[in-house]
Amino acid sequence: MDRIKSVGVIGAGMAGLACAGALQAAGIPVALFEKSRGVGGRMATRRTESGSAFDHGAQYFTVRDLRFRQQVEQWCLAGTAALWLGRIIRLEQGVISELNEPIDRYVGLPAMNSIAKSLASKLNVNLNCTIQSIHSFDDGWGLTDSNQVLHGPFGRLVLAIPPQQAIQLTQANLGATQALICDIELAPCWAVMVQFEQRFDVPYDAAFVHQAPFTWVARNSSKPGRDTSDCWVLHASPEWTKEHLEQPADQVAGQLLDEFWHVTGQSPQPVAALAAHRWRFAIPRKPLQQRSIFDPKQRLGLCGDWCGGPRIEGAFLSGIAMAEAILNSPS
Ligand SMILES: Cc1cc2nc3c(=O)[nH]c(=O)nc-3n(C[C@H](O)[C@H](O)[C@H](O)COP(=O)(O)OP(=O)(O)OC[C@H]3O[C@@H](n4cnc5c(N)ncnc54)[C@H](O)[C@@H]3O)c2cc1C
């Protein structure tokens, strides 16, 4: 591998994958490092023991930018993404109202993480590889993983991870960049996955909930390509999540299910599977007003949805901007 031109990317969420894909397309050798056993990060899908799949992180994505639109069109043509035509409403104190904005919502096909899997299929991704420390040498960056295996050196390094984790990894040695990013908070979110034995009979497929403790509930199985068992994902508000952050997952799942009956006005129904997942870093509150950060002196870049846009689209555009900054920097 060319020691100067090669790039190491930590994090195989949408930002890291988009960045790596764009660099590879420009002829740069790239290696990705991902601590989880699969790619996609917060664009995740979880399977329960019963075999049902839930998109328990990002629920769908919208398209505003032309470049992202072109990419989404390709995913749709390839059968990796599709429009979600479920009935999505607003729910407040038991009152249902229609949403005013007509907006196209897309999902991965057959699951939210399918898009990440398809992007990763052409890339060199090291899974189950938590990078524990990074070291700057004259000829680039070396990485040490949690098994004390060394990787690199890489001529450039990209941290496509949330800012708090980036600060930890660099041992707070980010210079001016640190001041820029240290106040960017990612709000947490408890997500509950519930599979009903029979169809949960409400006249909608998803709701933006304006009533504590939820912000969002959705019939996962109303998305295209999903299996037919009636699976729901419930997202707690950042406030409720913060209050219950360290509570055991099974307690949280039970509590939020009780609240679900209340919020939807339904009586309790038999449940086939129930689980909860804690997202400690879910949604950036006030993203940075620039798409990526690259320090040519340090040969170090940062990107993610916390740069420029707190969504999948924002993460994609941030990754692309990161790749462009590297390609345009002096070698
Ligand atoms: C509950 C929830 C609901 C959401 N709903 C929506 C929605 O409906 N629509 C929408 O557009 N967006 C939504 N989002 C936001 C969306 O998921 C994110 O904007 C996007 O996925 C972020 O991508 P990313 O690449 O920036 O970060 P991430 O997806 O967080 O990727 C970072 C990756 O880095 C890895 N990593 C971290 N540290 C290390 C390390 N030391 N070594 C190796 N790997 C490491 C992580 O495992 C992770 O895979 C939601 C997010 C959550 C959590």
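This is a predicted model: local features need pLDDT of at least 70, side-chain atom pairs count only at pLDDT 80 or more; totals for chains, interfaces and linings use all residues.
Residues are numbered from 1 along each chain as its sequence is written. Local features need pLDDT of at least 70 and side-chain atom pairs count only at pLDDT 80 or more, while totals for chains, interfaces and linings use all residues; side-chain values use heavy atoms, with hydrogens and water left out.

Helices (H or I, at least four residues) and strands (E, at least two) are DSSP runs, numbered from the N terminus. Two strands are taken to pair if DSSP finds at least two bridges between them. An open sheet of six strands has the order β9-β2-β1-β13-β20-β19, with mixed pairing. Its edge strands, β9 (125-126) and β19 (293-295), each pair on one side only. Strand β19 runs antiparallel to β20 (residues 300-302), to which three bridges join it; Phe 294 has Gly 301 of β20 as its bridge partner. Helix α1 (residues 14-25) packs on this sheet through contacts with β1 (7-10), β2 (30-33) and β13 (156-159), and its direction makes about 170° with that of β2. Helix α8 also packs on the sheet, where it touches β1, β13, β19 and β20, and its direction makes about 20° with that of β19. Contact denotes heavy atoms within 4.5 Å. Axes are lines fitted to C-alpha atoms, for helices over the stretch in contact, and angles run from 0 to 180 degrees between N-to-C directions.

Helix α8 (residues 312-328) additionally meets helix α2 (residues 66-78): their axes come within 10 Å and cross at roughly 110°. The two helices are therefore roughly perpendicular, a term applied to angles of 65 to 115 degrees. Arg 67, Phe 68, Gln 71 and Trp 75 of α2 form the contact with Ile 312, Glu 313, Phe 316, Ile 320 and Glu 324 of α8. By class, five of these residues are nonpolar, one is polar and three are charged. In this classification, Ala, Val, Leu, Ile, Met, Phe, Trp, Tyr, Cys and Pro count as nonpolar, Asp, Glu, Lys and Arg as charged, and the others, Gly among them, as polar.

Strand β14 (residues 186-196) is largely enclosed by the rest of the structure, because 11 of its 11 residues are buried (buried means under 20% relative accessible area, exposed over 50%, partly exposed in between; 1.4 Å probe, protein chains only). Residues including Leu 186, Trp 190 and Phe 196 point one way from β14, and residues including Ala 187, Cys 189 and Met 193 point the other way. Strand β14 is joined by 10 bridges to the antiparallel strand β18 (residues 271-284) and by five bridges to β17 (residues 231-236), also antiparallel. Val 192 has Ala 276 as its bridge partner in β18 and stands opposite Leu 234 in β17.

Ile 181, in helix α5 (residues 176-181), is buried, with a relative accessible area of 1%. Beyond residues up to four places away in sequence, Ile 181 touches Pro 163, Ile 167, Leu 174, Ile 293, Leu 302 and Trp 306.

Cis peptide bonds, with omega about 5°, join Gly 152 to Pro 153 and Ala 212 to Pro 213. Pro 153 belongs to strand β12 (residues 150-154), whereas Pro 213 lies in the loop between β15 (206-211) and β16 (214-219). Gln 148, in the loop between β11 (140-145) and β12, has a positive phi of about 65° although it is not a glycine. Gln 148 is exposed, with a relative accessible area of 54%.

Conventions:
Angles under 35 degrees count as roughly parallel, over 145 as roughly antiparallel, 65 to 115 as roughly perpendicular and the rest as oblique.
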